[in-house]
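Here is a note for a colleague who is opening this model for the first time. Please keep the structure in view while reading the points below.

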Amino acid sequence: DQVTLGLATHVMPEDRLPYLERNLSVLPRHSRGRAVDHVVEMASDGNSRGVDFLAKDPPAHAWERLDETDEDQSPFVNGFAHDSPVLSLVDGLDSILEEETTVKGIVARLEEMLAKEHLGEKEREAFAEVRDRIVERSPLAQEATLRLLLMAAMPKETLETCMARERRVQTKLLDGKDFRAWAAAATAKGGEEGARPGGGWEHEHVKDVTKEEVDALFAE
């Protein structure tokens, strides 16, 4: 995963990270392979190929567009989803979150992904873990997390606004009945990950969680 994403192969000066973040964030899903490789190369000071590529500030002019039909343009390509369980998972989750706006819908789509025969072993394990982590959590936390993700996708959101909102929501969840019940169950089971309270969650199902309860978590 680190090689595919360029994290293990490129020297990236800290002051170049805004260039990298801005250009990676606008790449369409279908072009992530060679386009990721191109953007990472443009921003880096060197890489494990032994080439000191663009060891200077990024150019002030518009970024050169990559001809993705040229198979010989890049001898080593970062960003192909089939090379990386992480990117494969991100690609699949992106499409699900773009089309589904309910926890029930997301879980159903994850089940569809897991039913696909061509899915690789690592990808299958990753999607199964995401599904299990969702359904094992409290319904209130599921609804809150989904709203956090949907709000974070809004155009004017920044990392800072998302972190501030998540801190507010998580603080209230940590003070709630479900977390206290989960903590007691996990302690009783020796810190077991995903321990479910013996008496169940405050809500039996996400359909039992009201909009007003979720609104209260987000209120300033």
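1. Helices (H or I, at least four residues) and strands (E, at least two) are DSSP runs, numbered from the N terminus. The protein has nine helices and zero strands. Along the sequence the pattern reads α-α-α-α-α-α-α-α-α.

2. A word on the source. This is a predicted model, in which local features need pLDDT of at least 70 and side-chain atom pairs count only at pLDDT 80 or more, while totals for chains, interfaces and linings use all residues. Residues are numbered from 1 along each chain as its sequence is written, and side-chain values use heavy atoms, with hydrogens and water left out.

3. Burial comes next. Buried means under 20% relative accessible area, exposed over 50%, and partly exposed in between (1.4 Å probe, protein chains only). Of the 220 residues, 36% count as buried. Contact means heavy atoms within 4.5 Å. Among contacts with a separation of 6 or more, 65% join residues 24 or more positions apart.

4. Now the second largest pocket. A pocket is an open set of points on a 1 Å grid over the protein atoms alone, where a 1.4 Å probe fits, with protein on both sides within 12 Å along at least five of seven lines; lining residues have an atom within 4 Å of a point. This pocket has a volume of about 820 Å³, a volume being the space filled by probe spheres set on the points, which are joined across faces, edges and corners. It is lined by 33 residues, and Arg137, Ser138, Ala141, Gln142 and Thr145 are the closest to its centre. Two or more lining residues come from each of α3 (85–99), α4 (103–114), α5 (121–136), α6 (139–152), α7 (159–174), α8 (177–188) and α9 (211–218).

5. Which element gives the largest share of that lining? It is α6, with six residues. By class, the lining has 18 nonpolar, six polar and nine charged residues. Here Ala, Val, Leu, Ile, Met, Phe, Trp, Tyr, Cys and Pro count as nonpolar, Asp, Glu, Lys and Arg as charged, and the others, Gly among them, as polar.

6. Look at the cores. A nonpolar core is a set of buried Ala, Val, Leu, Ile, Met, Phe, Trp, Tyr and Cys residues joined through side-chain atoms within 4.5 Å. The largest has 14 residues, and Ile96, Val103, Ile106, Leu110 and Phe127 have the most contacts inside it. At least two residues come from each of α3, α4 and α5. The most come from α4, which gives six. Leaving aside neighbours within four places in sequence, Leu110 touches Leu93, Ile96, Phe127, Val130, Arg131 and Ile134. Another core lies apart from it, with nine residues, including Val169, Val209, Val214 and Leu217.

7. Check the packing of α7 on α9. The angle is about 115°, and the axes are 7 Å apart. Axes are lines fitted to C-alpha atoms, for helices over the stretch in contact, and angles run from 0 to 180 degrees between N-to-C directions. Arg165, Arg168, Val169, Lys172 and Leu173 in α7 meet Ala216, Leu217 and Phe218 in α9. This contact has five nonpolar, no polar and three charged residues.

8. Is Pro13 buried or exposed? Pro13 is buried, because its relative accessible area is 19%. It sits in the segment before α1 (17–25). Beyond neighbours within four places in sequence, Pro13 contacts Ala43 and Asp45. Pro13 and Asp45 are 32 residues apart in sequence, yet 7.2 Å apart in space, C-alpha to C-alpha.
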